[in-house]
Amino acid sequence: MFIGHFAPAFVARAVTDEAPRLGTLFIAAQLIDWAFFTFAILGIEHLRIVPGITAMNPLDLYHMPFTHSLLGSLVFAIGFGVLVFALSRNVSAATWAAVVVVSHWFLDLLVHRPDLTLAGGDSKIGLGLWNAPQIAIPLELGITLLAFWWYWRRTKGPIVPPLVLIGTMLVFQMINWFGPQPTEAGVGMYVLALVSYGILTALAYWLDETRWHKSLVGLAVASARR
C-alpha cells in the first residue's frame with residue numbers, strides 16, 4: 001500500500017474544512033512509514049530483500065514492532081493529534097489527524113503478508129493481498145481515485161493543481177509497482193522512500209493553498225483565500 005494510504009487524507013479534507021490542511025493530513029497518512037524508514041536508517045527497525053516473498057514486492061518487513069504494531073500506531077496517532085491540537089486549538093482537527101494516522105495500520109493489514117503485530121509481540125498478522133495483484137492493484141487505485149474525486153467535488157479552485165498531485169501520485173505508484181525492484185535494503189532505499197513522501201506532501205500543501213471547501217461561502221471564502 002503506497003498511494004492508497006493517502007485516501008483517508010482526501011476523505012478527511014472532503015468531509016469538513018475543520019480537518020487539518022491536506023498537506024498535514026498527507027503527513028498523518030504516512031507518518032507510520034516516515035517513522036519506519038527513519039528507524040530503519042537508525043537501525044531500530046529492520047527490513048530485508050527476499051525475492052519472491054510476495055508476488056508484488058520483495059520486502060521482508062521482519063522487525064517493526066514500534067511503528068507497525070496496532071499499539072504503536074495508536075501511540076503515533078495520539079501524539080500527532082496532540083501536536084495538531086496544540087497548534088490549532090481545534091479538537092475536530094486533532095481527531096481527524098489521529099484517525100488518518102491510525103488508518104495506515106488497517107490499510108496495511110489488507111495487503112501485508114503476516115508481518116504486523118498488535119503490540120509488538122511474536123504473533124504476526126496480515127491478509128496478504130500483495131500475493132493477489134489482481135485484487136490489490138484495483139483496490140489501491142479504486143480507494144485513492146474515489147477519495148480524490150470526493151475531495152475534488154467538495155472543494156473549489158483551479159483545475160491544474162489537483163491534476164498535478166494525482167498525476168504525480170499515479171506516476172510514483174506505477175514506478176513502485178512496475179519499476180525495477182530493489183536488490184538490497186539500505187540507506188539509499190530508505191531515503192528515496194522519504195523523499196517520495198516529501199514530494200507528495202509538498203504538492204498537497206500547494207494544492208490546498210489553491211482550493212477552498214464548499215462549506216465556506218461569501219466573506220468566509222474571501223477570508224480563507226487570504
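In which handedness of crossing does α3 pass α4? The crossing of α3 past α4 is right-handed, a term for a near helix turned clockwise from the far one by less than a right angle, while anticlockwise is left-handed.

This is a predicted model, in which local features need pLDDT of at least 70, side-chain atom pairs count only at pLDDT 80 or more, and totals for chains, interfaces and linings use all residues. Residues are numbered from 1 along each chain as its sequence is written, and side-chain values use heavy atoms, without hydrogens and water.

**Helix pairs**

Helices are DSSP runs (H or I, at least four residues), numbered from the N terminus. Axes are lines fitted to C-alpha atoms over the stretch in contact, with angles from 0 to 180 degrees between N-to-C directions.

| Pair | Axis distance | Angle |
|---|---|---|
| α1 (residues 7-15) and α6 (residues 133-154) | within 8 Å | roughly 20 degrees |
| α3 and α4 (residues 70-88) | 10 Å | about 115 degrees |

The helices α1 and α6 are therefore roughly parallel (under 35 degrees), and their crossing is left-handed. By contrast, α3 and α4 are roughly perpendicular (65 to 115 degrees).

**Surface patch**

A nonpolar patch on the surface consists of I41, L42, I44, F66, V187, V191, V195 and I199, with about 660 Å² of accessible area together. Accessible areas come from the Shrake-Rupley method with a 1.4 Å probe. Helix α8 (187-210) and α3 (31-42) each supply at least two residues, and the largest share, four residues, comes from α8.

Notes:
Patches are made of residues with over 30% relative accessible area and no salt bridge: like charges are joined within 9 Å, nonpolar side chains (Val, Leu, Ile, Met, Phe, Trp, Tyr) within 5 Å. A salt bridge is a side-chain nitrogen of Lys or Arg within 4 Å of a carboxyl oxygen of Asp or Glu. Angles under 35 degrees count as roughly parallel, over 145 as roughly antiparallel, 65 to 115 as roughly perpendicular and the rest as oblique.
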